[in-house]
Amino acid sequence: VRPGAAVTRTGARAGDGIWVTGHPGDAVAGRLLLDVAGQVSATVREPLCQRFLYPEPRLREGSALAAVATAMLDVSDGLHDDIDKLMVASGMGAELDAGLLPLSAELRTAAADRAIEYALTGGDDYELCFTVPERATARLRAIAADWAVPVTRIGTVVSEPGVRWQYQGRPLQVPDSTFRHF
């Protein structure tokens, strides 16, 4: 990265959209399915296990996002925890809608009632979570138009500290089941 060109965690501003690439939650579902071959069909199990065993870092996407993102990080410790890290570094808060999460069909099938929990707390996805000013949304969509992975807006940066999720119009409490290194 050229000096001064890196997108850090510190640039999010109130009003920016909060976006994520790909399908958070797939990797943890894959990890949990490694030892249960007969319980889930191969068409569901194999893509999820692939996401865990062979993660694809979003290098191309990250490089392109430097043109529009105000803050960014990879999702390795769970989307909820990593958004919190991004907001703390920027001195901001977040209002998010779990109903907007880009859950894969495989995750919905394999984890049904826990799919949102896996997406928020699972980790090892190595997707990108980033913020983009409203005025740059059209440019973001143009940049991402030919990507192999979706890019989805899941919330908004706000001035009030803290990360708040809602689902179907009601507050959503995120379980504290994220992996902790220490």
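Reply: The account below starts with the whole chain, moves to the salt bridges, and ends with the neighbouring elements.

This is a predicted model, in which local features need pLDDT of at least 70 and side-chain atom pairs count only at pLDDT 80 or more, while totals for chains, interfaces and linings use all residues. Residues are numbered from 1 along each chain as its sequence is written, and side-chain values use heavy atoms, with hydrogens and water left out.

The protein chain holds seven helices and seven strands. Here helices (H or I, at least four residues) and strands (E, at least two) are DSSP runs, numbered from the N terminus. Their order along the sequence is β-α-α-α-β-α-β-α-α-β-α-β-β-β. The radius of gyration of the protein chain is 16 Å, which agrees with the value near 16 Å that a compact globule of 182 residues would have. That radius is taken over C-alpha atoms, and the globule rule is 2.2 Å times the number of residues to the power 0.38. Along the principal axes, the C-alpha trace spans about 50 × 35 × 35 Å.

Of the 182 residues, 47% count as buried. Buried means under 20% relative accessible area, exposed means over 50%, and partly exposed is in between (1.4 Å probe, protein chains only). The protein chain exposes about 9300 Å², of which carbon and sulfur atoms supply 53%; the areas come from the Shrake-Rupley method with a 1.4 Å probe, and for residues only the protein chains shown count as cover. A contact means heavy atoms within 4.5 Å. Among contacts between residues at least 6 apart in sequence, 83% join residues at least 24 apart.

Now the charges. The protein chain has 18 positive and 23 negative side chains, and the centres of the two sets lie 5 Å apart. Lys and Arg count as positive and Asp and Glu as negative, with His and the chain ends not counted; each charge is placed at NZ of Lys, CZ of Arg, CG of Asp or CD of Glu. Side chains of opposite charge can pair when their charged atoms come close. A search of the whole structure finds nine salt bridges, a salt bridge being a side-chain nitrogen of Lys or Arg within 4 Å of a carboxyl oxygen of Asp or Glu.

Which residues are linked in a network of salt bridges? They are Arg 51, Glu 56, Arg 58, Asp 125 and Glu 127. Within this group, Glu 127 and Arg 51 meet with an N to O distance of 2.9 Å. Glu 127 lies in strand β4 (residues 127-132) and Arg 51 in helix α2 (residues 42-53), so this pair ties together parts 76 residues apart in sequence. Both Glu 127 and Arg 51 are buried. Glu 56 forms a salt bridge with Arg 58, and the closest N and O atoms of that pair are 3.9 Å apart. Arg 58 counts as buried, at 11% relative accessibility.

Another salt bridge joins Glu 134 to Arg 153, at 2.8 Å from N to O. Glu 134 sits in the loop between β4 and α7 (137-144) and Arg 153 in strand β5 (residues 151-158), 19 residues apart. Glu 134 is partly exposed at 48% relative accessibility, and Arg 153 is also partly exposed, at 24%.

Some further features concern the elements already named. Tyr 126 is placed in the loop between α6 and β4. Its phi is positive, about 55 degrees, although Tyr 126 is not a glycine. Most residues other than glycine have a negative phi. Tyr 126 is partly exposed, with a relative accessible area of 29%. Gln 168, in the loop between β6 (162-167) and β7 (170-172), has a positive phi of about 55 degrees too. Gln 168 counts as exposed, at 65% relative accessibility.

Helix α2, which carries Arg 51, is also one of the elements packed against the buried residues of α1; the others are α5 (105-111) and α6 (115-121). In α1 (residues 26-33), six of the eight residues are buried, namely Asp 26, Ala 27, Val 28, Ala 29, Gly 30 and Leu 33.

Leu 65 belongs to helix α3 (residues 59-65) and is buried, with a relative accessible area of 0%. Not counting residues up to four places away in sequence, Leu 65 touches Met 72, Leu 128, Phe 130, Leu 140 and Trp 147.
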